[in-house]
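Please look at the sequence and the model before reading on.

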Amino acid sequence: MEFRRTHYTTQITPQMDTQTARLAGWVHEIRDLGGIMFLILRDREGLTQVTLFKKTIDPDVLQIAKSLSRESVITIEGVVKKEPKAPNGYELIPTQIDILNPAQSPLPMDTTGKVDAELDTRLDNRFMDVRRPKTQAVFRIRHHMLSAVRGFLEQEGFIEITTPKVVATATEGGTALFPITYFDTEAFLNQSPQLFKQIMMSGGMDRVFEIGAIFRAEEHDTRRHLNEATSIDVEASFVDHEDVMQVLERLVAHVYLTVSEDAASSLNTLGIELNIPELPFKRLTYDEAIEVNNEHSKELLEWGDDLSTNAEKVIGEVIGAHYFIKDWPTEIKPYYTQPYEDEPVITKAFDLMHPRMELSSGAQRIHDYDLLRKRIQDQGLNPDGFEFYLKAFRYGIPPHSGWGLGAERLLMTMLDVDNIRDVVLFPRDRKRVSP
Ligand code: AMO
């Protein structure tokens, strides 16, 4: 039996009335109503109603149809019939059904969306969960989102790089590392491509980006943290933090617009209409953010405090749209951020916020070797471990700036998804390393 993709129809329209079509896919549902039987076939384009009139159908075809179990993989050849009452305005009257691979029963979970499954059941059976049109829509949108990111950055002159995920040192002081055994030495899973993307600025690559995994060994169990996340990282030379903030806000707006056009049918499956964020995003200084919090919240913050989850929520509600918080206290931002020359207690760092959560952090970076070495020491880190990085600062590195944007957070806020695990195929969290 042949089953090459080219042999099958991918899109049937009512205009194909009376023509022969061949479909390949999964048995989504079977409804036997006595004189008539409906078989709903699911393929990458969606659902097709296959109608078997028991009086006129070939008995062999009927027998196969009756033997089908849900989620079996089949091919169907039949005649397209315009039928205004069918979901897509047509139905298929089968002349042949072949079973390519029967599915066992009972199924580990329902694929029709009629029976709700717990998140854990869905994640344990992700292969089957992705067969659900709504789940699949999320991952199709994720594809379009990443493709829009690549398209935008390429247009802006950025070059895509890939950097090691197995490393010898921590990048982001403050967040925990996953140690691994690397032959006869200890290594770690990288928390961020930060050091490598900065080294590339010394390499004269000027504008680079990476879309890759970052690993954070924090033990949180929240709806917006993963232990393995996807970061969209950007670094550019001869620009300051304000310049890369503009790149970032334009990227976000571009992604929303492109996804709304390119992923229209998946958005439709989810019943979502995207509102394209308006530019420019509001910019609050850290001081203003603290003020907004203290005006609207019972949990008061003092200068120098990091913003709590509650503060993010309070400020997010007041602003009601994407916004930046910039000019942070130097002490609570990583060693590589550039303090203001005239007021070094404040640094040229920013966060991009969605009303629900932080989406991105970035900064102008220190490019002066001595200052960078000192800042590493000030934060209680040993500069010797950073020699491979510091070396790139001794032989001519331009002023540069960049940011890291959480791909999952961008997607979950765009689609108003509650739990970050719903926008990752195989999430890694405190309790889950499989599948
Ligand atoms: P930061 O640590 O703020 O900055 O990370 C950048 C963005 O990555 C996402 N993110 C996460 N998403 C899900 N689960 C996590 N555990 C998680 N950790 C981070 C967030 C966050 O805003 N090197 C800097 C970036 C830079 O300055 O270029 C960095 O890693 O959306």
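In which loop is F183 found? F183 is in the loop between β8 (178-182) and β9 (185-189). Helices (H or I, at least four residues) and strands (E, at least two) are DSSP runs, numbered from the N terminus. The model is predicted, so local features need pLDDT of at least 70 and side-chain atom pairs count only at pLDDT 80 or more, while totals for chains, interfaces and linings use all residues. Residues are numbered from 1 along each chain as its sequence is written, and side-chain values use heavy atoms, with hydrogens and water left out.

F183 has a relative accessible area of 71%, so F183 is exposed. Buried means under 20% relative accessible area, exposed means over 50%, and partly exposed lies in between (1.4 Å probe, protein chains only). Together with V166 and Y182, F183 makes a nonpolar surface patch of about 340 Å². Patches are made of residues with over 30% relative accessible area and no salt bridge; like charges are joined within 9 Å, and nonpolar side chains (Val, Leu, Ile, Met, Phe, Trp, Tyr) within 5 Å. Accessible areas come from the Shrake-Rupley method with a 1.4 Å probe, and for residues only the protein chains shown count as cover.

The backbone of F183 has a phi near 50 degrees, a positive value in a residue other than glycine. D416 also has a positive phi, near 55 degrees, and is a residue other than glycine. D416 belongs to the segment after α12, and its relative accessibility of 61% makes D416 exposed.

**Cis peptide bonds**

The peptide bond from L279 to P280 is cis, with omega near -10 degrees. P280 sits in the loop between α7 (264-270) and β12 (282-285). The bond from S434 to P435 is cis as well, with omega near -5 degrees. P435 is in the segment after α12 (407-414).

**Helix α1**

Which residues of helix α1 are buried? In this helix (residues 59-67), they are V61, L62 and A65. Seen down the axis of α1, the buried residues fall within an arc of 100 degrees, so they line one face of the helix. The arc is that of the directions from the helix axis to the C-beta atoms. An α-helix has 3.6 residues a turn, so residues three or four places apart point the same way.

On the other side of α1, the exposed residues are P59, D60, Q63, K66 and S67. The cover over the buried residues of α1 includes β2 (36-43), β3 (46-53) and β5 (90-101). At the N-terminal end, D58 caps α1, with a side-chain oxygen 2.9 Å from the backbone nitrogen of D60.

**Salt bridges**

A salt bridge is a side-chain nitrogen of Lys or Arg within 4 Å of a carboxyl oxygen of Asp or Glu. By this rule the count comes to 36 salt bridges.

| Salt bridge | N to O distance |
|---|---|
| D110 and R70 | 2.9 Å |
| D129 and R122 | 3.0 Å |
| R283 and E249 | 3.0 Å |

D110 lies in the loop between β5 and α2 (119-124) and R70 in the loop between α1 and β4 (73-82), so this pair ties together parts that are 40 residues apart in sequence. D110 is buried, with a relative accessible area of 13%, and R70 is partly exposed at 31%.

R283 lies in strand β12 and E249 in helix α6 (residues 241-262), so this pair ties together parts that are 34 residues apart in sequence. R283 is partly exposed, with a relative accessible area of 26%, whereas E249 counts as buried at 5%.

Both D129 and R122 are buried. These two residues also belong to a network of salt bridges that links R122, R126, D129, R132 and D422.

**E29 in strand β1**

Is E29 buried or exposed? E29 is buried, with a relative accessible area of 15%. E29 is part of strand β1 (residues 20-32). Its side chain makes a polar contact with the side chain of K114 at 2.5 Å. A polar contact is a pair of N or O atoms within 3.5 Å; within protein, one must be able to donate a hydrogen and the other to accept it, and residues adjacent in sequence count only if both atoms are side-chain atoms. Not counting residues up to four places away in sequence, E29 touches F38, L39, I40, T112 and K114. Contact here means heavy atoms within 4.5 Å.
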